[in-house]
Amino acid sequence: MSGFDVVAVRKQFPALDEGAAHFDGPGGSQTPQVVAEAVARTMTSALANRGRLTAAERRADEIVLAARAAMADLLGTSAQGIVFGRSMTQLTYDFARTLAKTWNVGDEVIISRLDHDANVRPWVQAADAAGVTVTWLGFDRETSELDDIAPLLTDRTRLVAVTGASNLLGTRPDTKRIAEQVHAAGALLYVDGVHLTAHVPIDATYADFYACSPYKFFGPHLGVLTAAPDLLETLYPDKLLPSTDVVPERFELGTLPYELLAGTTAAVDFLAGLGGTGATRRERLISSLELVEAYEDALRDDLEARLAALPGVTLYGHAARRTPTLLFTVDGHSPAAVAEHLAKAGVNAPAGSFYAYEPARQLGLGPEGAVRAGLAPYTDQSDVDRLVAAVTALTGASGTN
């Protein structure tokens, strides 16, 4: 792929020296050296609570501001609308409770059956506490495409929660089209972008709320939410009395993890350097992620075709737009047994439902789920070949092509 040098990319990840083929990126990517160094450098520098008086105060303040600017560049939004939290799950619970204060009995929220439970249960529980009706948006079991949301929207719909990409199946719903329909109904849209953000250029401005997790795109473990500052100004979360009322800080509970924010900035800069060009970091991010998307999709197509040709292998999810994520089972072997077999072959491709409780249940997979193979920018052809060879050996088929 012109402009994308996977050999150079792989050299940046010390974890790959262990020799495993990592298809576990949907659960959390490996970490490049520059991100680890940014975290370590911050933890060994003088830090204090944010301020402008001492060098330690200024360093803390600048780390936070830099991380907001970096995430705004990645998501195409405003730095003043970037909220940090412990995880996407924590942020979604916080915002569900906050938004529920604006709901009345008889209002409605729409939740997708395609979603990770982090974008399901917070809304179900908040709706139940507020006396609000939950309406479910289904999906086609064969294609894994979302159903049409239009028939579900009413003048009592207050919020729609939907995934940007299924962490189980890779399906990428047309969230921009959904946003148009939701906004026409006068409701708000909350998008779980955790699985999507690592794989394609993002412009989150179409969503009222867009949440993601840096550890899915080479960064540390924390969560990020972006929303328009004007919208955040209308919301009043529970918080400590002395804590600031300033947006976005009023949504951030306690002292921020400065070392993780420094690592997040480093991760965004790393993404911007994956072969992209442009005068600004935002331009380089878009260009780099376009290269990543094309590279990953080509590998996925090869892997999918070769797995589909093997006897006894069932692939789930055939949406027109997908991330480089495949879900499969092998006849005669439990998903856990397949994952164990792959691990012995040096292939990290875990099994389960991966907190995607609703889609796994809809597909009839149950708690065992299936085996998930997720590609990343550091995945190369030899990784794909190793995965195919291991599954081939399990099926008893001959050859790997």
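Pro-248 is found in the loop between helix 7 (229-232) and helix 8 (258-272), where helices are DSSP runs of H or I with at least four residues, strands are runs of E with at least two, and both are numbered from the N terminus. A cis peptide bond joins Val-247 and Pro-248, with omega at about 5 degrees. The model is predicted, so local features need pLDDT of at least 70 and side-chain atom pairs count only at pLDDT 80 or more, while totals for chains, interfaces and linings use all residues. Residues are numbered from 1 along each chain as its sequence is written, and side-chain values use heavy atoms, with hydrogens and water left out.

**Backbone angles in loops**

- Ser-144, in the loop between strand 4 and strand 5, has a phi near 65 degrees, a positive value in a residue other than glycine.
- Ser-144 counts as buried at 1% relative accessibility; buried means under 20% relative accessible area, exposed over 50%, and partly exposed in between (1.4 Å probe, protein chains only).
- Phe-354 is not a glycine either, yet its phi is positive at about 55 degrees.
- Phe-354 is found in the loop between strand 12 (351-352) and helix 11, and it counts as buried at 16% relative accessibility.

**Salt bridges**

- Side chains of opposite charge can pair when their charged atoms come close.
- A search of the whole structure finds 28 salt bridges, each being a side-chain nitrogen of Lys or Arg within 4 Å of a carboxyl oxygen of Asp or Glu.
- Asp-117 and Arg-121 meet in a salt bridge of 2.6 Å, N to O; Asp-117 is buried at 18% relative accessible area, whereas Arg-121 is partly exposed at 22%.
- Arg-121 also forms a salt bridge with Glu-358, the closest N and O atoms being 3.2 Å apart.
- Because Arg-121 lies in helix 5 (residues 121-130) and Glu-358 in helix 11 (residues 357-362), this pair ties together parts that are 237 residues apart in sequence.
- Glu-358 is buried, with a relative accessible area of 3%.
- Asp-302 and Arg-306 meet in a salt bridge of 3.1 Å, N to O; both lie in helix 9 (residues 281-308), four residues apart, about one turn of the helix.
- Asp-302 is partly exposed at 25% relative accessible area, while Arg-306 is buried at 10%.
- Salt bridges that share partners join Arg-50, Arg-52, Asp-61, Glu-62, Arg-68, Glu-249 and Glu-252 into one network.

- Pro-335, Val-338, Ala-339 and Leu-342 are buried in helix 10 (residues 335-344).
- Seen down the helix axis, these buried residues fall within an arc of 100 degrees, so they line one face of helix 10; the arc is that of the directions from the helix axis to the C-beta atoms.
- An α-helix has 3.6 residues a turn, so residues three or four places apart point the same way.
- On the other side of helix 10, Ala-336 and Lys-344 are exposed.
- Val-338 has a relative accessible area of 1%, and its C-alpha atom is separated by 34 Å from that of Gly-263, 75 residues apart along the chain.

**A negative surface patch**

- Asp-140, Glu-142, Asp-147 and Asp-148 form a negative surface patch; patches are made of residues with over 30% relative accessible area and no salt bridge, with like charges joined within 9 Å.
- Asp-147 is found in the loop between strand 4 (133-137) and strand 5 (157-163), and it is partly exposed, with a relative accessible area of 40%.

Terms used:
Patch = residues over 30% accessible without salt bridge, like charges linked within 9 Å, V, L, I, M, F, W, Y side chains within 5 Å. Areas by Shrake-Rupley, 256 points an atom, 1.4 Å probe, with all protein chains shown as cover. Lys, Arg positive; Asp, Glu negative; His and termini not counted. Charge placed at Lys NZ, Arg CZ, Asp CG, Glu CD.
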